[in-house]
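Visitor: Could you take me through this structure slowly, one question at a time?

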Amino acid sequence: MTGRGRFITFEGIDGAGKSTQHQWLIEHLRKQGRDVVATREPGGTPLGEKLRAVLLSESMHLETEALLMFAARREHIELVIEPALARGAWVVCDRFVDASMAYQGGGRGLALSRLAELADWTVGDLLPDQTFLFDLPVGIALQRLQSATQSPDRFEREQVDFFERVRASYLDIARKSPHRVCVIDACLSQPEIQVILKELVITN
Ligand code: TYD
């Protein structure tokens with residue numbers, strides 16, 4: 001019988017370069033012959049991708065934003081994450097609940113107790129087995145975003161202080177969950193980061 005799969009998430013402020021490394025790790029694991037489900041939040045399902053388009057473009061109340069993030073996540077867990085883990089696949093997801101804590105909590109200032117209630121309700125005890133947090137100074141991330149993004153979305157248009165709060169929240173999560181969250185210095189070169197990912201990813 002196949003055991004339960006592994007759930008890996010990638011996190012970090014916009015411009016940290018995590019999506020490139022997310023793609024790389026997926027290919028690396030597939031080359032090892034693993035059954036890998038590559039997915040992202042918000043999104044990952046047909047409804048979730050529609051919610052993503054709204055979330056990244058429409059201005060809305062901060063609680064509406066949090067509720068839609070968790071609505072998309074509920075659908076994602078039900079249709080994609082849980083079935084994949086149950087069949088023994090690896091789920092490698094670009095962002096998950098930590099992003100809501102960091103962006104809606106730290107960035108927007110929504111009470112963490114509110115977000116914890118939503119997480120308890122919609123996510124339950126589903127935690128990633130491993131989270132890679134790509135960390136770098138906000139100034140460098142924003143420079144990278146400016147040179148890489150022609151039409152920034154609603155989050156990417158936020159100011160330095162917003163991203164400082166998001167970064168601080170992420171680092172706080174990492175401090176509180178050192179066994180789950182590996183902080184990666186996103187200032188390193190892509191090959192250097194790939195060496196670190198290879199070493200850190202728990203494959204047994
Ligand atoms: P992402 O896919 O990382 O952006 P991009 O496609 O530009 O690389 O994430 C989209 C945005 O959604 C990002 O700015 C962070 C935000 N977000 C939240 O605010 N809360 C959440 O719970 C999630 C999953 C994402």
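**The ligand and its surroundings**

Guide: In this predicted model, an N or O atom in the side chain of glutamate 156 and an oxygen atom of the ligand are 2.7 Å apart.

Visitor: How much of the ligand's accessible area does the protein cover?

Guide: Taken on its own, the ligand has 550 Å² of accessible area. The part of this area that the protein covers is 89%.

Visitor: Which helix gives the most residues to the shell around the ligand?

Guide: The ligand sits in the largest pocket, and the elements that give two or more residues to its shell are helix 1 (18–31), helix 2 (46–57), helix 3 (62–86) and helix 4 (97–107). The element that gives the most, with 4 residues, is helix 4.

Visitor: At what distance from a nitrogen atom of the ligand does a polar side-chain atom of glutamine 104 lie?

Guide: Glutamine 104 is among the closest of the 17 residues that surround the ligand, a group that also includes Arg52 and Ser100. Its polar side-chain atom lies from the ligand's nitrogen atom at a distance of 2.8 Å.

Visitor: Is arginine 154 buried or exposed?

Guide: Arginine 154 lies in the loop between helix 6 (138–148) and helix 7 (160–176), and among the residues it touches are Leu55, Met60 and Arg108. A residue is called buried when its relative accessible area is under 20%. Because its relative accessibility is 11%, arginine 154 counts as buried.

Visitor: Which residue's side chain is joined to that of arginine 154 by a polar contact of 2.7 Å?

Guide: Arginine 154 touches several residues, including Ser57, Glu58 and Glu65. The side chain joined to that of arginine 154 by the 2.7 Å polar contact belongs to glutamate 65.

How values were computed
Residues are numbered from 1 along each chain as its sequence is written. This is a predicted model: local features need pLDDT of at least 70, side-chain atom pairs count only at pLDDT 80 or more; totals for chains, interfaces and linings use all residues. Side-chain values use heavy atoms; hydrogens and water are left out. Buried means under 20% relative accessible area, exposed over 50%, partly exposed in between (1.4 Å probe, protein chains only). A polar contact is a pair of N or O atoms within 3.5 Å; within protein, one must be able to donate a hydrogen and the other to accept it, and residues adjacent in sequence count only if both atoms are side-chain atoms. Contact means heavy atoms within 4.5 Å. A residue is near a molecule or strand if one of its heavy atoms lies within 4 Å of it. Accessible areas come from the Shrake-Rupley method with a 1.4 Å probe; for residues, only the protein chains shown count as cover. On a 1 Å grid over the protein atoms alone, a cavity is a set of points where a 1.4 Å probe fits but cannot get out, and a pocket is an open set with protein on both sides within 12 Å along at least five of seven lines; lining residues have an atom within 4 Å of a point. A molecule sits in a cavity or pocket if more than half of its atoms lie within 2 Å of its grid points. Lists of a residue's contacts leave out its neighbours within four places in sequence.
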